[in-house]
Amino acid sequence: MELRQLRYFVTVVEEANFTRAAARLHLAQPGLSAQIRQLERELGQQLLDRTGRTVTPTAAGAAVLPYARTALAAAEQIRHTADEFTGLLRGHIRLGTISGAATGEFDVASVLADFHDDHPQVEITLTETNSDLMLGDLERGTLDIALVGLTGAALDPRIGIDIVLDTRIVAAVADNDPDPRRRLALDELRNRPLICLTRGTGVRGQFERACAAAGFEPNIAFEAAAPPLLLQLAARGLGTAVVPALTPEETAAFGVRTLPIVDPELRGQLALAWRTDRLTAPAAKVLLGQLRIALRTKETVSTRGVRP
């Protein structure tokens, strides 16, 4: 059985006439008839009733017809997909990331370098900005893929996400802070001077939403774009920093100690995001797949300069 024979069979059924089917297929009618008879012999069933003024499928032909159409559609999709990948040698991918994503644990730079080695003709544009702006750019179609911090706000239903980091949000104070507590309830941050990431970041969004639910507006004394500066300010006693969880090595290096935030516990999440209805370029699909593998989902206790 050959795909072309299935195509001939479907065309004859659609035209209900061998002459019209042959003209549509650009074949001689005797050759078309011979191919259909060969298919019938192979299947051991007569597929077409040729006795009337029009050609109609037999009971066996009617049963076979939907499977023939499915096989032809699958073969066409295979060809279409293969043709798409011809374009992998060219194209333009627009990628956005949060601060610090090109280094350390989230080594986006290495993924991009490896992709460029394999597909040197694909142009990649990389921008670094806050999560809210990148989500807006995804909605507008000016970004293809973004590594964003989730704020807890509802996302556009057209945006797909794959969470690549899930970490606790903690309060960091100077190592010599006299407060003996080992944890802080969210409400206990109500009157403290706070040191936070800038608006539009995932941690800031999660924190502000939690404060609003608890009935207060946080007192933000200082804000900065990346956790290291927040920790330096906290280490000098300028306030309580709200940051992703740290390793013991990081707390020692920055001169801070961290207190889990409870009632409720807060978590920061990083996610790869893309428009599910627009990510059609083969190059963008392949890069997204490589990023999803490289930045596999994990729970971490290290900021490594990254701000969810």
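## Terms and model

The expected span of a helix is 1.5 Å times one less than its number of residues. Helices (H or I, at least four residues) and strands (E, at least two) are DSSP runs, numbered from the N terminus.

This is a predicted model: local features need pLDDT of at least 70, side-chain atom pairs count only at pLDDT 80 or more, and totals for chains, interfaces and linings use all residues. Residues are numbered from 1 along each chain as its sequence is written, and side-chain values use heavy atoms, with hydrogens and water left out.

## The annotated span

An unreviewed UniProt entry annotates residues 1-58 as "domain: HTH lysR-type". Such annotations may be inferred rather than shown by experiment; positions follow the numbering used here, and feature names are shortened. Residues 1-58 are 62% helix and 7% strand, and their end C-alpha atoms lie 19 Å apart.

## Helix α1

Helix α1 covers residues 3-15. Its 13 residues should span 18 Å at 1.5 Å a residue, and the end C-alpha atoms are 18 Å apart, which agrees. Buried residues (under 20% relative accessible area, 1.4 Å probe, protein chains only) in α1 include Leu6, Phe9 and Val13. Just after α1, Ala16 takes a positive phi of about 60°.

## Helix α3

In α3, Leu32, Ser33, Gln35, Ile36, Leu39 and Glu40 are buried. They cover an arc of only 160° around the axis (taken from the directions from the helix axis to the C-beta atoms), which puts them on the same side of α3. The buried residues pack against α1, α2 (18-25) and β1 (48-49), with contact meaning heavy atoms within 4.5 Å.

Pro30 and Arg41 are exposed (over 50%; partly exposed lies in between) on the face of α3 turned away from its buried side. Gly44 follows α3 with a positive phi, near 75°.
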